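Me: I am new to this structure and would like a close look at a single part of it. Please start with one residue and what surrounds that residue, and then widen the view.

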Amino acid sequence: MPAPPVAAATVSSIRRAAGEDWWRGAVVYQIYPRSFADSNNDGVGDLRGITEHLAYVAHLGVDAIWISPFFRSPMADFGYDVADYRQVDPLFGTLADFDALIAQAHALGLKVMIDQVLSHTSTEHAWFQESQASRDNPRADWYVWADPQPDGTPPNNWLSVFGGPAWHWDSQRRQYYLHSFLASQADLNFHHPAVQEALLGEVRFWCERGVDGFRFDACNHQFHDRQLRSNPPATAAEQAEVSTVRPDNPYAMQRHLHDKTQPENLAFLERLRALLDEYGAASIGEVGDEHPLPVMADYTEAGKRLHMAYSFALLTPEASGPHIREQVQGLEAELARTGGWGCWALSNHDVPRVATRWAPRGQADNALSATLLALLLTLKGSVCLYQGEELGLPEADIPFARLQDPYGKAFWPRFKGRDGCRTPMPWWRDAVNAGFNAGAEPWLPLGADHAQRAVDVQEADPASVLAQARALLAWRRREAVLRQGEIRFHHAPGQHALLFERLLPDQAPLVLAFNLGGRALDFPLPDTLGGLSPLSGTPLPMAQLSPDGRSWHLPPHSAAVATR
């Protein structure tokens with residue numbers, strides 16, 4: 001049950017001084033508010049529901065929460081279409097509810113990060129309404145407007161991530177406006193100085209309200225090519241490697257050279273960082289790019305821009321050991337160039353849950369879920385942990401009749417959208433709607449077997465995924481090498497194995513091995529590791545080493561740790 005209220009601490013008593021790196025190596029727990037907990041029984045989660053369950057989140061051992069958008073919105077994209085950056089949508093509560101949430105989180109030792117969607121607004125935002133009214137009003141150029149080509153077609157070939165052209169005809173202005181996502185999500189014109197000033201003002205508003213940081217949505221979409229040049233086609237090889245959308249989405253058929261990831265964004269991110277540093281606020285950037293690693297490094301250049309960034313590199317169906325190693329090593333090589341910092345995620349609100357996505361034949365397995373948590377929490381960098389990931393929740397199967405996601409409706413049935421990872425959080429197995437609310441039909445149905453994986457069930461089982469998640473998070477907190485140390489990969493055989501070290505000066509390294517496959521794995525250790533010794537006192541099993549410490553046995557879906 002929800003914990004009783006805890007005496008609130010003032011924001012000033014828990015905020016860290018500007019420049020202190022609390023975020024470096026932190027674990028950030030992502031909360032999707034529509035689906036976390038519904039306190040008023042209207043079928044949709046809300047801010048009070050989050051506050052009632054913050055003690056659970058704190059008990060996990062995470063450092064911060066990231067709350068997906070709760071701002072006033074027509075909810076065409078469920079809050080990522082913002083109509084007012086400074087108001088809480090009545091669906092989620094009030095500003096007073098948000099203030100109470102911050103106070104409770106801070107009293108429990110949790111930082112609070114919120115989503116900021118700066119690249120676009122809802123077409124219901126007052127800025128767009130004014131911009132749309134004429135070509136000569138004060139905000140006429142706050143969005144990306146362009147004349148049609150002589151034959152009436154859009155200005156260029158840019159495509160929307162959600163399908164179809166990225167241009168929508170407006171009969172009032174007799175021009176097209178740009179939308180990288182839904183037609184009701186109009187792209188702001190970041191080339192206009194007043195737009196930058198206005199958006200920095202929106203960020204300042206929440207800094208002054210006491211938030212500890214921000215997750216910046218689609219942050220590489222914030223500028224477009226001034227000349228509106230068309231994108232070239234992608235090669236077949238490039239289409240096969242796309243990570244931001246499915247290969248059957250036409251968006252994958254272009255090289256997105258001109259509609260996003262523009263060089264002008266670097267200067268804006270420097271202005272944004274200067275503002276954040278005034279308040280000691282941290283930032284995570286979402287980088288959706290087909291070549292994200294150099295972009296992440298540039299966007300997190302030490303002390304200049306964002307504090308950390310993540311991409312879709314580990315949010316794809318590709319789950320092989322070589323792929324994971326390639327992505328992590330590739331990012332480390334790029335970060336060495338800029339002194340930046342990475343952040344890793346295996347699940348979030350935009351992709352199928354990893355318990356299903358990376359499972360053999362899509363059948364979730366508790367041992368694999370625990371092993372994937374161990375992998376995520378031992379990589380170098382910060383971590384985003386999505387609600388329910390600590391329970392090993394599998395992807396829910398949502399029938400088309402209950403589908404809410406416009407992205408899924410556009411690409412059904414090959415792509416079923418994002419609703420399967422957004423279903424209500426199961427709190428108590430035997431409660432109505434697994435404790436999400438008191439009986440109103442939730443906005444999405446619960447996953448078929450999610451009640452059997454509810455929090456109360458797993459808290460009673462010392463071998464549950466939840467119990468292992470808490471143990472792993474506590475270990476990460478104890479071990480500075482896991483939060484701050486370097487990472488060095490070694491050869492591991494086959495497609496399902498990973499072997500790496502975490503290292504800090506003057507400390508014995510941790511050697512970690514992972515078998516993500518469904519068969520036991522025996523492999524010789526490279527000579528560069530020398531002889532290994534089993535290591536006790538960790539949540540991972542002691543390594544099953546040969547007598548000379550030079551070969552290792554791993555059961556299916558398992559991880560182990562040793563030292564040398």
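Reply: Leaving aside neighbours within four places in sequence, Trp 206 is in contact (heavy atoms within 4.5 Å) with Phe 70, Phe 71, Tyr 85, Arg 86, Leu 95, Phe 98, Ile 114, Gln 116, Val 211 and Phe 214. Before going further, please note that this is a predicted model, in which local features need pLDDT of at least 70 and side-chain atom pairs count only at pLDDT 80 or more, while totals for chains, interfaces and linings use all residues. Residues are numbered from 1 along each chain as its sequence is written, and side-chain values use heavy atoms, with hydrogens and water left out.

Trp 206 belongs to the largest nonpolar core, which has 119 residues, and it is listed there among those with the most contacts inside the core, together with Tyr 29, Tyr 56, Ile 65, Phe 70, Phe 98 and Phe 214. A nonpolar core is here a set of buried Ala, Val, Leu, Ile, Met, Phe, Trp, Tyr and Cys residues joined through side-chain atoms within 4.5 Å, and buried means under 20% relative accessible area, with exposed over 50% and partly exposed in between (1.4 Å probe, protein chains only). Helix α6 (residues 193–208) gives the most to this core, with eight residues; helices (H or I, at least four residues) and strands (E, at least two) are DSSP runs, numbered from the N terminus. A second, separate core of 18 residues includes Met 308, Tyr 310, Val 351 and Cys 384.

Two cysteines deserve a careful word. Cys 207 counts as buried at 2% relative accessibility, and its sulfur is 16 Å from the closest cysteine sulfur, in Cys 219, too far for a bond. Cys 384 is likewise buried, with a relative accessible area of 2%, and its sulfur is 3.7 Å from the closest cysteine sulfur, in Cys 343, which is also too far for a bond. With a disulfide taken as a pair of cysteine sulfur atoms within 2.5 Å, the count comes to zero disulfides.

Elsewhere in the chain there is a hairpin, formed by β8 and β9 with four residues between them, and Arg 174 in its turn has a positive phi of about 55°. Strand β8 (residues 167–170) runs antiparallel to strand β9 (residues 175–178), and four bridges join them, where two strands pair if DSSP finds at least two bridges between them. Within this pairing, Asp 170 stands opposite Gln 175 in β9.
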